[in-house]
Amino acid sequence: MTTIRVRLTLIYSGLFLLTSVVLLVTVNLLLRQALKTRVARLPGGAVAPQPPAPHLPELVNDVIGYQWEMTTFTVGILTLVSLVVGWLVAGRLLRPIHRITATAQRLSLSTLHERIALTGPKDELKELADTFDAMLDRLERSVEGQRRFIANASHELRTPLAVQRAAIEIGLPEDDGEIRGTLLRHNRRAENLIDALLVLAQAENGLDNRSPVALDQAVQLVLAETGSNGVTVTGRAEPFVVDGDPVLLNRLVTNLLDNAVRYNHPGGTVEVTLSRGVLTVRNTGPHVPQKRLGDLFEPFRRLHTTPGQGAGLGLSIVAAIAKAHGADVRANPNLGGGLELVVVFAGSEDASPAGKTAE
């Protein structure tokens, strides 16, 4: 790939070489004509009555030949110098562009406070940097507003549901068990839906703070707390540390296991492995069409509409949490039915370019 710096350098050197060649040819042709004219005249300035001495034309050719050699050599040397100078000048001119690019690559939702703050003359590059900084100001205000909304919604939505649940449990007698159970079930479903939406919004807004998290311990903890529901769950986790949010990572593992157990069949199996930074959850269950794999990570998309099997947010939350931690999520259908979900965290062997190419 030819960079702008290389193209600018070639343009500078090409223009120099073109003008130098034109100057070289013009000067040498004029010098040849001037020498021939001088040789054809007498020292006193009158026209010679007889042809010049035979050695004079040879002398003119020798002088012109030497002139061509020296000027050609000089132009060649100066062309090489122009390449070096053009490379340095292009690099200096493009330095603000590199600064803008580095800042853009470094930015995330947790580093929106950074600015380019380019100094120097008021030119096109300064205007570009200032425009980029102004855009970051607007984006930062928008993200902060969303975070405040999530925090407020978390309180305003959960509190009425908690009051409603308490009113149902206290106000309805146990004799009305069917009505009481139905209301409590819908109340619990609303609480779970709101909680899932808030977690999804939090994950999509990025991480405010990061800390080392022992992912293997989170896997072991979730394995110990997950109900089997008639499904055999096995797990193996090697030590691996992720720089991220412990609550969100715990939710990622919980959703993966909950999805594997929920969308399974009685007597089925769930196998969980964490090896070299790759978390794999493989389960038996109904067949998953290859063309529907993309729907798994979309909010409110469910492949099966069995009552009581969630709102379709589990894997979309997994994808959002993985993205916030710089991880990749892949889904593959098993030949005998069921699904294999793979989360590849940054720093694992499969996260390297070579590992991705090999897939």
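Predicted model: local features only at pLDDT ≥ 70, side-chain atom pairs only at ≥ 80, totals over all residues.
Is Arg115 buried, exposed or partly exposed?

1. Arg115 comes out as partly exposed, at a relative accessible area of 24%. Its side chain meets that of Asp137 in a salt bridge, 2.6 Å from N to O. The two sit 22 residues apart, with Arg115 in the loop between helix 2 (55-106) and helix 3 (124-171) and Asp137 in helix 3, so this pair links distant parts of the chain. Asp137 is partly exposed too, with a relative accessible area of 31%.

2. The structure has 7 salt bridges. One of them joins the side chains of Lys122 and Asp130 at 3.4 Å, N to O. Lys122 counts as exposed, with 67% relative accessibility, while Asp130 is partly exposed at 26%.

3. Arg282 belongs to strand 5 (residues 278-283) and Glu340 to strand 7, so the bridge ties together parts 58 residues apart in sequence. Arg282 is partly exposed, at 29%; Glu340 is buried, at 16%, because buried means under 20% relative accessible area.

4. Back to Lys122 and Asp130 for a moment: along with Lys126, they form one network through salt bridges that share partners.

5. Last, a glycine. Gly347 lies in the loop between strand 7 (339-344) and helix 8 (353-357). With a relative accessible area of 72%, Gly347 is exposed. Its C-alpha atom is 9.7 Å from that of Val241, although 106 residues separate them along the chain.

Conventions
Residues numbered from 1 in each chain as written. Heavy atoms only, no water. Helix = DSSP H or I, 4+ residues; strand = E, 2+ residues; numbered from the N terminus. Buried < 20%, exposed > 50% of the residue type's maximum accessible area, 1.4 Å probe, protein only. Salt bridge = Lys/Arg side-chain N within 4 Å of Asp/Glu carboxyl O.
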